[in-house]
Amino acid sequence: MSLYWQSILSLAAINGIAAWGLSIAVRSGQLSVGHAAFAGVGAYAGGVLTRDVGLPFLLALPVGFVVGGALGLAFRALFLRLDHLLFAIATLIFGQVAAIAAGNFFIPRLGGEVGLTGLDLRISPLTAVIILGAALVIELFVLRGSAFDLRLRLGAEDADLVALSGAPPAKVQVLAFGLSTAVLGLTGVLWAHLYGTVQPGDLQFGRSFDLLVFAIVGGAYSGYGAMFGGVALSLLPYTWSVIENNRRLTLGIVLLVVVVFRRGGLFQGKPVPILDRLIGRRVSVPPAGAD
Amino acid sequence: VRLGTQFAIDGLMSGAIYSLLALGFSILWSSMRVVSLAHPSILAIGAAVGVAAAPAGFVVALLAAAAVGATAGVVSYYSAIKPLVQRSMLELMVATLGLGIIAEEVLAKIVGADSRATPELLPSGSWIIGGFFVRKKALIVLAISLVMLAAALFILRRSKIGIAFRATAFAPEIGAAHGINIEAVRVFSIAFASMYAGIAGLMVANLAGSLDPFMGFNLALPALIAMLIGGAGNIVGAAIGGLLLGVLEGVSAISISGPMSQMLEFALLLLVMVIRPQGLLRNK
């Protein structure tokens, strides 16, 4: 396989993981339009540690996870009183603030506008796919149908239902958001070591928009749908040059069509009998009205 | 203080633009509980059409921007908002975001993706008023904006359609029970808000002297912020919030420049959101 295709495949797998991470926030009813910033912070943290401190790449992954998660927990806890709309705007603002801060920071080590460069290239398609597979296993066998998963889905419908289930709704929201940004922090580290660089622009709205399209089109309510969306929509532009030249336009059209005509995305998260028997749990709370 | 006043005056000009956009967001929020993320692209469309119509004179350009803006708004209503109005806020925002991106990309295909210089429509140069420099075109823009804001408030407070609008905002079902055509009110409000966005676009292009198909995004954030300062759905608050934000931006530009001042502004706003999520100006 040529290097070109290797990097495209790796990128697709990484985007699959990131879209899955975002889907955890979306299915709990929290729209984030600034998720790329959490990935970016993880990327900067992991990148500096591997490049300047000599931390092994495999140890940088949990660092990204923890940094992204801690930031997300703190962010959500701080803005606990905001409703859906205001919170979405807060994430948008956060993304822009983080991007500007990364570009102007007074720590020369972070590289200002140029960003962090000269990182080791540590990602092969195999690494990326293995981690994507691990995420799929976690989604299907750990998360799917767990009490936490059910509660965070309930939270998207009605906070009182969560309270009835015996868990504080606010805590569920914060934890869901934190888990989501933790996954993004990890993908940031992967991303940084795929291209060997992180730039302030990577934290901005453009990339957050891509992730949102992946997750929503694939299906945020079924986590595997989001993964599929991330992989498929990352590969799509390379199938046809017309799409490659009109990438954002294509994503916009796909997004609009899916949201209007297929509620819940391509994989809506309805019960899949064979899958559920395999896992031994009968689960799924499809989005209201997806039938 | 002198310098501060000068910068505050400059800030007021950009604040006026924020106000027009924030007013639109606020009208949409009131009439259908929607934050249309396609709204900023309508501003860019209005700017592009207005600039294209520029050779025919400023007034024609203004009317063209207004007409196209309103039309684009109605199109956005029927394509992304109406089919989803019974669904969640999250889906509405995502759908309008998708539509906005489509509009921007198509616009970029037509006028070119780079920012380009626009012909001068308004007199250049400055007046010196009370010892302060005021750019002529900025003052004209400010005047137009203030007249438009006043007109909007008048229409919403005094006219029959304004009363129907406010009834719809308060409780659609009760409005409908009183014989108000909710659908018509919604179409009217998005056309109205989008018309303002289109005009704002033309004025921004004139002030900046350039046209950029992606110009909406950088203006949308301050406008959304202005709406939030006023408290979502508070139309007067949104207008005041826009002006306040512009002045704040102008004054902060004295000591720090460019992106850093923007960052501080955003950080300040996040702080406001933590302390007073219901908006600074809303009183119960």
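Trainee: How many residues does the largest nonpolar core have, and which have the most contacts inside it?
Mentor: Keep in mind that this is a predicted model. The largest nonpolar core has 153 residues, and Leu85(A), Ile93(A) and Met273(B) have the most contacts inside it.
Trainee: OK, what does Ile93(A) touch?
Mentor: Leaving out residues up to four places away in sequence, Ile93(A) touches Leu221(B), Ile225(B), Phe266(B), Leu269(B), Leu270(B) and Met273(B). Another core, of 27 residues, lies apart from the largest one, and includes Ile123(A) and Met227(A).
Trainee: Switching to the interface. How many residues of chain B are in contact with chain A?
Mentor: 43 residues of chain B are in contact with 38 residues of chain A. The two chains bury about 3600 Å² between them, with 83% of it on carbon and sulfur atoms. Leu90(B), Val94(B) and Leu270(B) supply 15% of the area that chain B buries against chain A, more than any other three residues.
Trainee: And how many salt bridges across it?
Mentor: The rule finds 3 salt bridges between chain B and chain A. Glu105(B) forms a salt bridge with Arg248(A), where the closest N and O atoms are 2.7 Å apart.
Trainee: Which elements of chain B give two or more residues to that side?
Mentor: They are α3 (58-81), α4 (89-111), α9 (215-230) and α11 (258-275) of chain B. α4(B) gives the most, with 15 residues.
Trainee: What about the side of chain B that touches chain A, by class?
Mentor: That side has 33 nonpolar, 4 polar and 6 charged residues.

Conventions
Residues numbered from 1 in each chain as written. Chains lettered and ligands numbered in written order. Predicted model: local features only at pLDDT ≥ 70, side-chain atom pairs only at ≥ 80, totals over all residues. Heavy atoms only, no water. Contact = heavy atoms within 4.5 Å. Buried area = accessible area lost by both parts, 1.4 Å probe. Salt bridge = Lys/Arg side-chain N within 4 Å of Asp/Glu carboxyl O. Helix = DSSP H or I, 4+ residues; strand = E, 2+ residues; numbered from the N terminus. Nonpolar A, V, L, I, M, F, W, Y, C, P; charged D, E, K, R; others polar. Core = buried A, V, L, I, M, F, W, Y, C linked by side-chain atoms within 4.5 Å. Buried < 20%, exposed > 50% of the residue type's maximum accessible area, 1.4 Å probe, protein only.
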